[in-house]
Amino acid sequence: MPNRPLFNHHGISRRTFVKGLTAGGVLYGLAPWLGSGAALAAGAPRAVPMLRGTEFNLIVERGPVDFTGTPRIATMVNGSIPAPTLRWREGDTVTIRVTNRLDMPTSIHWHGLVLPYQMDGVPGISFAGIPPGETFTYQFKVRQSGTYWYHSHSGFQEQTGMYGAIIIDPAAGDAVRTEREHVVMLSDWTDEDPMTVLAKLKKQSDYYNFNEPTVRDFFRDVSSDGLKSALTKRRMWNQMRMSPTDLADISGHTYTFLMNGTTPAGNWTGLFRQGERVRLRFINGAASSFYDVRIPGLKMTVVQADGQPVEPVTIDEFRMGPAETYDVVVTPRNDAYTIFAQSMDRTGYARGTLAIREGLSAAVPPVDQREWLAMTDMMGAMDHAATGGMDHAAMGGMDHAAMGGMDHSAMGGMDHAAMGGMDHAAMGGMDHSAMGGMDHAAMGGMDHSAMGGMDHSTMGGMDHSAMGGMEHSAMEEAAAAGGGLRRASTQVRHARTEYGPSVDMRVDTPRTNLDDPGIGLRNNGRRVLTYSDLKSLGAPLDPRGPEREIELHLTGNMERYTWSLDGLEFGQSTPVHFRHGERLRVILHNDTMMTHPMHLHGMWSDLEHPDSDVQLRKHTISVQPAQRVSFLVTADALGRWAWHCHILYHMEAGMFREVVVA
């Protein structure tokens with residue numbers, strides 16, 4: 001275990017506090033390859049360059065930075081962190097020549113853009129990457145407008161500084177009228193080698209979690225809830241071998257949180273005139289950090305999500321996962337306001353200022369008190385009152401060992417909607433369209449463990465009457481022990497994932513609501529944005545209903561620090577297949593206690609509201625712990641695409657799949 005510093009009442013270490021006082025940035029003029037940069041000290045942040053037009057030359061190179069008082073080498077584009085903002089116009093064809101001056105391959109992915117798969121920039125999927133010393137030319141027509149971003153998709157280069165903003169102006173003029181705008185790009189920086197960070201997480205997954213429950217927390221619980229409740233609470237978490245404070249893998253212990261490449265002490269400043277309507281284009285370019293964003297004293301009106309127009313909604317605060325973007329409009333009246341973006345685990349923050357002139361600042365609020373994960377974050381919609389102190393680690397799935405002799409002969413056209421307890425974990429993109437008349441009588445002893453992320457779309461009409469004699473003894477025993485488990489096992493709608501070395505928990509009754517702002521934001525007295533508040537403007541671009549469904553489980557094992565889909569890390573999995581032109585429903589079922597921002601390349605994801613026909617068009621969907629979400633996809637993009645969690649360390653640890661559209 002590392003030596004852990006004492007924390008103040010907001011959970012920030014003295015080391016983090018001192019880091020926040022360092023005005024850090026790019027060390028311009030200190031290396032020959034940055035000869036075009038002005039000789040600036042790190043304490044004098046420079047505006048991020050903006051490049052306009054249809055032709056661009058981008059150079060990927062190493063350069064010195066100092067965000068913490070200790071110089072380090074970063075990965076830059078044209079000598080800048082963030083990389084230059086690219087401003088395009090909808091309908092134009094852009095040409096971007098990317099020259100690699102690193103000693104390793106590189107790449108650029110144009111996040112959220114609809115383009116030919118060969119231009120998507122994912123090495124090993126859409127192209128081979130850009131070798132050292134070579135230039136790759138990206139060229140594509142710009143088919144959308146809004147706020148987007150670009151970043152490396154090679155190794156940990158994104159973590160070391162390779163990310164930048166994209167603004168695309170609508171061809172017909174912008175419906176959002178403002179007098180001024182600013183890009184606000186949030187990110188995270190570590191002085192450590194990211195490979196070292198990953199190695200530490202592999203050895204000890206909570207290495208950077210300094211918010212573990214303490215004796216002080218225990219006595220506080222005794223005081224507020226009583227001794228019995230406090231003991232039961234500790235016993236439950238200990239039996240599950242899980243931490244109630246596991247909100248982020250990497251904390252402010254090693255991270256410095258940046259706004260437009262500037263530390264909190266550097267105080268990035270965006271100017272305005274009093275009374276102007278100002279558009280702020282927020283982009284979360286962090287490798288790992290979720291941010292909770294607010295501007296004390298100012299209401300924000302959300303007008304775009306992930307580059308797509310939404311019905312305006314006025315809020316005080318919003319959470320954004322890595323890769324998400326939100327455009328908000330504010331009307332400042334005072335001289336200065338703080339833009340405050342605290343990390344979800346409350347171990348630090350990024351900060352800047354909106355002001356009428358340089359040099360002004362407003363009060364910086366303290367970070368909120370950290371909160372523990374709730375039962376909702378671990379067990380979803382299950383009725384927890386009856387679960388007592390039982391060991392939920394064993395709740396993953398019922399024992400099907402006795403199913404070997406079961407008569408499946410009547411299962412030809414089955415409806416899996418009621419098959420909550422059946423373990424199909426690995427039955428992943430399998431097409432059962434030909435199984436209608438198949439004789440399953442001989443399938444009793446079959447091992448289904450390798451049948452990974454199955455497509456049940458054509459299995460709708462099965463009569464389960466023949467399943468009456470099925471052996472449920474394991475489920476009965478577990479239900480007797482836990483009260484609510486029987487209900488949990490029978491409420492699951494689709495396949496559940498297989499237990500194995502890559503899965504340490506499973507949620508049998510996930511919640512489907514979209515109106516939960518998430519841990520740390522519930523009932524905080526502020527108006528916090530949720531997905532349920534957002535509705536894309538206009539009718540769906542594709543009014544068709546889904547032809548079939550595909551479900552994947554988001555899985556992990558924190559002890560091993562492995563992350564996966566359906567219990568299979570990338571390299572062990574096979575591609576998910578979409579049929580070109582089809583409309584399909586995708587279901588993501590989060591079996592972990594962490595929020596995963598899931599990004600499907602090349603195609604839009606129309607998030608479905610569970611209680612209406614409202615849809616929200618996004619390129620990245622943050623799936624909360626113990627949550628099940630569904631979205632519609634039109635498979636209109638031929639080729640090979642990536643689909644992964646946008647927490648970089650989760651992706652590198654295996655939460656990644658290839659999607660083939662053919």
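Predicted model: local features only at pLDDT ≥ 70, side-chain atom pairs only at ≥ 80, totals over all residues.
**View 1**
Serine 80 sits in the loop that joins strand 4 (72–77) to strand 5 (83–89). Its relative accessible area is 1%, and because buried means under 20%, serine 80 counts as buried. The side chain of serine 80 comes to 2.5 Å from the backbone oxygen of proline 82. Leaving aside residues up to four places away in sequence, serine 80 touches Val48 and Pro49.

The relative accessible area of threonine 574 is 59%; exposed means over 50%, so threonine 574 is exposed. Arginine 657 is 83 residues away from threonine 574 in sequence, yet their C-alpha atoms are 7.7 Å apart in space.

**View 1. The largest pocket and its lining.**
The largest pocket holds about 910 Å³ of space. Its lining is made up of 43 residues. Those nearest the centre of the pocket are Gln308, Pro309, Leu537, Leu541 and Arg617. Several strands supply at least two lining residues each: strand 14 (278–284), strand 16 (300–305), strand 17 (308–315), strand 28 (615–618) and strand 30 (628–634). Strand 17 gives the largest share of the lining, with four residues. Sorted by class, the lining of the largest pocket contains 18 nonpolar, twelve polar and 13 charged residues.

Definitions and conventions
Residues numbered from 1 in each chain as written. Heavy atoms only, no water. Buried < 20%, exposed > 50% of the residue type's maximum accessible area, 1.4 Å probe, protein only. 1 Å grid on protein atoms, 1.4 Å probe; cavity = no way out; pocket = protein on both sides within 12 Å on 5 of 7 lines; lining within 4 Å. Points joined across faces, edges and corners; volume = space filled by probe spheres on them. Nonpolar A, V, L, I, M, F, W, Y, C, P; charged D, E, K, R; others polar. Polar contact = N/O pair within 3.5 Å; in protein donor to acceptor, adjacent residues only side chain to side chain. Contact = heavy atoms within 4.5 Å.
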